[in-house]
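Have a look at the model first.

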Amino acid sequence: MPVSTTLFAFKKGRFAIVNNRARPQVQRRLLCQLLGGLLLTILSSLPADLEAGTRRYRATWRDNPAKSIVIGFEHFSGSSVRIVYDTKDGGRNPANYRYSANPARTVEYHEMRNVFVRINKLQPGTRYYFLVVDDQSVSRRMIFETIHDTPSRPLSIVAGGDSRNNRETLKAANRLVSKLRPHFVLFGGDMTNGDSAQEWKEWLDDWQLTMNSDGRLTPIVPTRGNHERSNRSIYDLFDVAHPDAYYSLSFAGGLLRTYTLNTLFPPGGEQLNWLQRDLARSKEMWKIAQYHHSMRPHTSSKPERDELITYWATLFTKYGVDLVCESDAHTVKQTYPIRPSREPGASQNFIRDDRRGTVYVGEGCWGAPLRINDDAKPWTRASAKFNQFKWIWLDLRQMQVRTVRIDRSSSMAGEENGYLNRFRSPPGFYFWDAENTGDVLRIPRRLPETEPGTVRPGTSAPPNLAGGRQTPVIQSTSRLPVLNRDAANRIRVGFQMPSAGTPFLLIQDESLKSLWRKELSVRGPGPYSELVQLPPLPRGQRLELVVYGGDRIVAKYEVK
């Protein structure tokens with residue numbers, strides 16, 4: 001039976017009058033278009049807290065963080081869900097977005113239909129605006145951000161774990177994360193207390209508080225803890241790269257490689273073989289490992305994990321892992337650089353080694369019940385007891401680790417950092433003023449070495465110019481070009497930068513003792529001629545100048 005009223009079809013964002021004498025099937029089709037257009041218009045105008053169909057958003061990685069991302073969410077209503085995205089903000093109108101990506105994986109777990117959209121072929125260091133849409137709904141407009149691929153640009157990272165059962169502390173910490181805008185969060189496990197469906201729903205709801213006011217998702221690199229009853233809680237809720245929840249990621253064009261290990265999975269066998277292979281071929285400048293159980297917890301109520309020292313810590317020393325983030329003990333600690341040892345002076349199978357050791361920090365406190373710090377070691381730099389997470393900055397020269405006091409900061413913290421202010425503390429943040437370090441633990445960049453204190457001629461190892469653990473010794477094997485100091489004690493140094501990086505200058509005497517070191521500003525690729533002011537240096541003996549261009553020796557001179 002024909003519809004007698006006049007119809008309005010919704011086409012290309014406008015309503016058009018349709019002849020009411022059209023055939024019934026045409027009228028029905030136009031009526032569907034009308035209703036669909038009206039629904040899209042209504043959904044696009046809804047406030048963000050009324051979106052339907054999807055919720056509990058999260059961002060993770062399986063591959064290169066500069067060119068890919070995984071967006072996960074719960075899809076509880078509707079069908080044909082997908083993500084539309086663009087480098088320009090299109091608001092809540094899906095038609096304004098040029099690109100679209102469909103789900104790569106959907107899994108029913110913990111009473112949620114978890115959908116993961118894996119987006120590839122992205123541009124490094126770029127903000128993308130996106131919507132999650134289906135046939136019935138449009139989400140709020142959100143942002144994901146790819147990591148830059150330039151090692152001369154720094155990274156900002158948050159690391160912590162053990163949120164468990166103090167939900168108010170968890171939410172306070174998440175709000176602080178949103179204000180810092182880190183590039184990502186290393187989370188050390190024990191998200192919930194009982195690994196129940198309801199707890200995970202609440203945890204993912206609370207994770208939304210890490211989202212900035214502009215809608216940017218904070219990516220998470222998750223670890224399995226002992227309160228996650230199986231690896232599925234990590235694999236099926238975050239779509240990590242390995243179903244057994246151990247994996248690695250590289251960031252910023254070789255600046256950093258992270259290792260996420262699983263202490264609830266055998267530390268030897270397959271996991272150990274994978275770790276050794278990956279570390280052996282890694283060329284990244286910095287290495288950070290995270291896992292749940294502490295090897296040597298700083299509370300007496302937790303057991304020692306000797307097998308982790310045997311299997312993992314020995315590899316950390318061999319392959320130069322700079323920082324390890326541990327959890328589980330629910331207390332606070334930071335160590336001096338240490339390595340496994342049974343030699344005289346070692347304690348609990350570790351000894352301090354400022355040149356070859358690894359710094360260990362932790363141990364949880366994102367909301368889990370605090371434990372007393374009653375088990376300090378001779379190589380402990382400082383320990384305490386309060387809710388906290390680590391805020392890590394790293395660049396070509398050094399790593400800085402700040403410990404954020406959650407309880408003191410949560411009620412006072414001011415406005416969010418902007419994208420260009422990731423390395424400025426927002427007002428009201430309080431940091432641990434730790435014994436022996438103050439409020440910043442500095443870890444200078446170390447060198448790969450063949451023998452203690454030496455670097456082979458022609459290797460690409462850069463010097464540590466931050467007053468740190470190692471001064472390289474470069475053995476000369478041939479006559480070098482001569483640079484003569486002028487009356488003002490200056491020399492002109494020529495060098496070629498093979499790629500973007502930070503040039504370093506080092507002068508050593510005939511006995512190969514370092515006399516002077518200087519870091520220049522970041523340079524792009526190309527030739528440079530630099531007039532350098534020298535400090536008072538001895539005359540009448542052979543002095544050698546070595547120039548490092550980013551990550552390799554680019555010039556050597558004799559200075560007279």
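The notes below go from the sheet to its helices.

This is a predicted model: local features need pLDDT of at least 70, side-chain atom pairs count only at pLDDT 80 or more, and totals for chains, interfaces and linings use all residues. Residues are numbered from 1 along each chain as its sequence is written, and side-chain values use heavy atoms, with hydrogens and water left out.

**The sheet**
- Six strands form an open sheet in the order E13-E12-E11-E23-E24-E25, and the pairing is mixed. Strands here are DSSP E runs of at least two residues, helices are H or I runs of at least four, and both are numbered from the N terminus; two strands pair if DSSP finds at least two bridges between them.
- At the edges sit E13 (220-222) and E25 (441-444), each pairing on one side only.
- Ignoring direction, neighbouring strands are turned by 20 degrees against each other on average.
- E24 (residues 398-405) runs antiparallel to E25, with 4 bridges joining them; Val401 has Leu441 in E25 as its bridge partner.

**H2 on the sheet**
- Helix H2 (residues 167-180) packs on the sheet and touches E11, E12, E23 and E24, where contact means heavy atoms within 4.5 Å.
- The direction of H2 makes about 15 degrees with that of E23; axes are lines fitted to C-alpha atoms (for helices, over the stretch in contact), and angles run from 0 to 180 degrees between N-to-C directions.

**H2 and H3**
- The axes of H2 and H3 (residues 197-207) come within 9 Å and cross at roughly 30 degrees, so the two helices are roughly parallel (angles under 35 degrees count as such).
- Arg167, Leu170, Lys171 and Asn174 in H2 meet Glu202, Trp203, Asp206 and Trp207 in H3.

Key:
Parallel < 35°, antiparallel > 145°, perpendicular 65-115°, else oblique.
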